[in-house]
Amino acid sequence: MARIILTVTNDLHYDRRMQRISATLAEAGHEVVLLGRILPESPPLAPAGYAQVRLRCWFNKRAIFYAEYNIRLFFRLLVARFDAVCAVDLDTLPAACLAALIRRKKRVFDAHEYFTEVPELVGRPRIQAVWRSVAKLFLPFFRQAYTVGPALAAIFEKEYGIPFAVVRNVPLRAAVALDIGEKQKIILYQGALNLGRGIEAALEAMATLEGVQLWLAGEGDLSADLRARAQQLGLGDKVRFLGWVSPADLDKLTAQAWLGLNLLERRGLSYYYSLANKFFAYAQYGVPSLNMDFPEYRAHCADFRVGLLLPELTPEAVAAAVRQLALDPTLYAELRENCRKAAAQWNWDAEKKTLLRAWEAVLGDK
């Protein structure tokens, strides 16, 4: 079996996709190291069936962080023992590729998003150009890659000229029993409180809704602004900011929810072609969701209608969808039943087979 190093720039504690991938490769008999970053507020890591390493950086923001992290990662990989390295997104690509080439090791690329089209880069053409150059320079040295959805796979294959498999960011089968009874009307958002996530529209909608609560599980760049906005709107106990929530507690919260939010502004192609893990997590726990009418959500809801699709992101559209579900119990019950059916297919037990095939292809390639 092989020794595999998976590289990310984020804190490993909250990265459930990488936790699932690492555990699956370890269960297949490989020696796995998940390598990420430690931040001043990072909680301790729980023991896992694979090694976990976090690099400490002097800088944690802007271009200087990416430069420092790649330098640290490069020298770490030069002396580490491994057979294959996986660069997760473009921000670990330079160090992983260069170190693997120098040491003649195998390389895999995992694209969690359309990195050059994330909202933080849209409207910043010089920085976008830098990251596009990184992709064009290093990705031709990769023979195996995968990403989170079919739409992105097709775009990347055309843009970079290498094949991309699809390994969706689906959860494990629900560990919490589905509650089929009447639920308190809790609307749940899980994820980072960042630009373009539709949270502002959700808060505005809450000002016109009664009989529902909005729970926000996560923190981010807009944490302070959103709390201030909720106070300005006089939402009081209609909205709860839960902060960062551990994965196990997040599962329990999701199971309690009546409705899940997966709202995105069309800020760049990354969000437009996204296929977020929260979309699948809500379905796994029998929770209908509000999603944007973007390609991947439209395609998946055509297979299993697990929620409503919004043609536009406005407070009025969000409020109207919430009222529709509250006033139409037959529709809501239909969506919940579709969630139950989808959960049997949209789960990691099924999806991990694609991941293992992708790794078998690269590890078996002499």
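User: What stands opposite D110, and in which strand?

Analyst: Y146 in β6 does. This is a predicted model, in which local features need pLDDT of at least 70, side-chain atom pairs count only at pLDDT 80 or more, and totals for chains, interfaces and linings use all residues. Residues are numbered from 1 along each chain as its sequence is written, and side-chain values use heavy atoms, with hydrogens and water left out.

User: What makes β5 and β6 a pair?

Analyst: Two strands pair if DSSP finds at least two bridges between them. Strand β5 (residues 106-111) and β6 have four bridges, in the parallel sense, so they pair.

User: How do you know that both faces of β6 are covered?

Analyst: Buried means under 20% relative accessible area (1.4 Å probe, protein chains only). In strand β6 (residues 144-147), Q144 and Y146 on one side are buried, and so are A145 and T147 on the other.

User: Why are α12 and α13 called roughly perpendicular?

Analyst: Angles of 65 to 115 degrees count as roughly perpendicular. Helix α12 (residues 315-327) and helix α13 (residues 329-343) pack at about 95 degrees, with axes 5 Å apart, and the pair is therefore roughly perpendicular.

User: Which residues of α12 and α13 meet?

Analyst: With contact meaning heavy atoms within 4.5 Å, Q324, L325 and L327 in α12 meet P329, L331, Y332 and L335 in α13. By class, this contact has six nonpolar, one polar and no charged residues; Leu, Tyr and Pro are among the residues that count as nonpolar, while Asp, Glu, Lys and Arg count as charged and those in neither group as polar.

Definitions and conventions
Axes are lines fitted to C-alpha atoms, for helices over the stretch in contact, and angles run from 0 to 180 degrees between N-to-C directions. Helices (H or I, at least four residues) and strands (E, at least two) are DSSP runs, numbered from the N terminus. Angles under 35 degrees count as roughly parallel, over 145 as roughly antiparallel, 65 to 115 as roughly perpendicular and the rest as oblique. Buried means under 20% relative accessible area, exposed over 50%, partly exposed in between (1.4 Å probe, protein chains only).
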